[in-house]
Amino acid sequence: MGGGAAAAPIPRLTAITFLFLLPIVIQSHTPTISVGDFGAIGDGKHYDTAAIQLAMDSCRTKPCYVTFPTGTYLTATIFLKSNVILDIPKGSTILGGTKLEDYPKEFDRWYVILAENARDVGITGGGVVDGQGLEFVVKFDERKNVMVSWNQTGACSGDECRPRLVGFLDSTNVRVWNVTFRQPAYWCLHIVRCENTSIHDVSIYGDFNTPNNDGIDIEDSNNTVITRCHIDTGDDAICPKTYTSPLYNLTATNSWIRTKSSAIKLGSASWFELNNLVFDNITIVDSHRGLALQIRDGGNVSDVTFSNINISTRYYDPSWWGRAEPIYVTTCPRHSDSSEGSISNLNFVNISAVSENGIFLSGSKGGLLRNLRFININLTYKRWTKYMGGLVDYRPGCQGLVNHSTAGIIMEHIDGLDLENVNMRWFDGRTVQWDNPLDFRPSTVNNISLLNFHSGVYKQRRGSSEQISLVGSN
């Protein structure tokens with residue numbers, strides 16, 4: 001062979017780099033279809049429903065990216081099909097209609113974007129899906145808005161008859177990434193009876209005073225991953241629940257949350273089991289409740305881990321469920337004839353919280369809390385809002401709101417609780433009235449272990465944040 005210089009080695013992609021680049025590679029070699037070619041106008045005034053649906057229905061490749069030129073596309077419900085990816089680029093918005101006739105007759109199909117029995121389906125692009133939630137407000141109120149309810153249709157009852165924003169029902173291989181969801185009138189992103197769902201780099205902005213505008217509701221679905229999401233909304237942010245079948249294998253990581261309700265809430269719909277859930281590296285700010293289990297319908301919860309989480313919780317108007325608890329674990333029957341579910345094998349590891357209220361751990365006679373572990377927990381208690389304390393919140397159902405002195409941790413109906421490296425700090429001032437670290441009745445709480453548990457009162461110089469003394473005991 002010739003004696004020329006050896007060719008330079010070809011750089012090798014690592015497996016991780018390849019996985020990150022794979023969607024870009026696939027999209028660059030996948031034909032895209034523009035809704036503009038099917039007559040969509042994108043002026044935000046005329047309905048583009050037919051054009052968008054025609055574009056999606058014309059897809060013949062796998063996968064098929066349906067894209068939107070710059071503009072605002074007003075639409076009634078559009079139906080996402082298998083192998084179709086809605087590619088909404090920056091500068092483009094899908095705008096949900098605000099009329100009853102914009103949605104199907106069946107309440108459980110009221111979505112702006114809906115996928116049913118689909119495979120390999122998703123939404124991406126960097127653009128926006130907007131539900132025009134403020135158009136559904138009857139009366140604006142800083143405490144809690146009063147909302148429209150389309151219950152006169154008979155399709156649903158009560159005060160929650162409004163369209164959701166995006167729904168994936170009975171679908172497989174769902175992917176939602178790099179997109180913003182804005183102003184849902186009701187639940188925002190709803191995953192129902194789905195297998196293998198990935199949600200990442202998604203931003204959700206709901207009106208902070210609007211009820212029931214949940215961020216992400218995971219219902220009866222398995223093998224779900226949520227990561228790098230930003231959720232700022234009025235109601236629950238990440239909410240796994242069970243109506244018709246168990247839910248297992250859910251992981252949520254690396255996200256930021258603010259809400260007037262629960263940042264993370266298991267339940268309250270809980271007719272079937274929830275197990276093997278992990279929540280890691282999450283920041284929760286100015287929320288009414290941090291980490292919550294609200295089990296009311298007889299389903300059992302087991303093997304759940306919360307780790308590396310920073311929490312700030314405060315009081316809001318009591319019309320919202322929650323009493324500023326950083327951690328809230330409860331099981332009790334929703335109605336007098338409801339079953340009692342149990343909660344077991346919960347791990348709270350590396351949790352820091354600044355809160356206006358303490359932790360609430362409450363099982364029930366027929367549904368004990370078993371094997372709870374708190375490891376490396378830092379709790380700072382102080383008051384800064386003017387809302388009244390001294391109430392325990394069992395809602396929904398059960399005992400409702402009950403007068404009760406406030407404590408660092410309130411416990412009832414527990415069998416097995418380990419507290420290891422737990423530090424409570426009590427700031428002077430209004431917290432002097434509620435500096436009881438542990439509140440429980442020995443008749444209902446058994447097998448408690450405390451290792452390196454500390455509670456102390458921090459005093460401050462007037463006009464200074466400098467800590468000058470600590471009074472407490474191990």
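User: Contact means heavy atoms within 4.5 Å. The model is predicted. Leaving aside neighbours within four places in sequence, which residues is F181 in contact with?
Analyst: F181 is among the residues with the most contacts inside the largest nonpolar core. Its partners, near neighbours in sequence set aside, are V129, L165, V166, V176, C188, L189, V202, S203, I204 and Y205.

User: Where does the largest nonpolar core lie?
Analyst: This core has 105 residues, and F168, F279, L361 and F374 are among those with the most contacts inside it. Both domain 1 (30-167 + 191-200 + 221-233) and domain 2 (236-459) give residues to the core, so its place is between domain 1 and domain 2.

User: How many residues does the second, separate core have?
Analyst: This core stands apart from the largest one. A292, Y328, V392 and Y394 are included, and its residues number 7.

User: Which strands are joined by bridges to β3?
Analyst: Strand β3 covers residues 64-67, and both of its faces are covered. On the β1 side there are 3 bridges, running parallel, with I33 partnered by V66. On the other pairing there are 4 parallel bridges, and C64 stands opposite V84. The joined strands are β1 and β6.

User: Which strands do the buried residues of α2 pack against?
Analyst: Helix α2 spans residues 49-57, and its buried residues are T49, A51, I52, Q53, A55 and M56. They pack against β1, β2, β3, β4, β5 and β6.

User: Which cysteine forms a disulfide with C59?
Analyst: The link is left-handed, with -60° about the S-S bond. The sulfur atoms are 2.1 Å apart. Both cysteines are buried. The partner is C64.

User: How many residues apart in sequence are the parts tied together by C332 and C398?
Analyst: C332 and C398 form a disulfide, with sulfur atoms 1.8 Å apart. C332 lies in the loop between β26 and β27, and C398 lies in the loop between β30 and β31, so the pair ties together parts separated in sequence by 66 residues.

User: Is C398 buried or partly exposed?
Analyst: Buried means under 20% relative accessible area. C332, at 8%, counts as buried. C398 has 30% relative accessibility, so it counts as partly exposed.

User: In which strand is confidence lowest?
Analyst: The protein averages a pLDDT of 91. Confidence is highest in strand β10, at a mean of 99. Over residues 464-474 the pLDDT is below 50. The lowest mean, 36, belongs to strand β36.

Conventions:
Residues numbered from 1 in each chain as written. Predicted model: local features only at pLDDT ≥ 70, side-chain atom pairs only at ≥ 80, totals over all residues. Heavy atoms only, no water. Core = buried A, V, L, I, M, F, W, Y, C linked by side-chain atoms within 4.5 Å. Buried < 20%, exposed > 50% of the residue type's maximum accessible area, 1.4 Å probe, protein only. Domains from an automatic or database assignment. Helix = DSSP H or I, 4+ residues; strand = E, 2+ residues; numbered from the N terminus. Pairing = 2+ DSSP bridges. pLDDT = per-residue confidence, 0-100. Disulfide = S-S within 2.5 Å.
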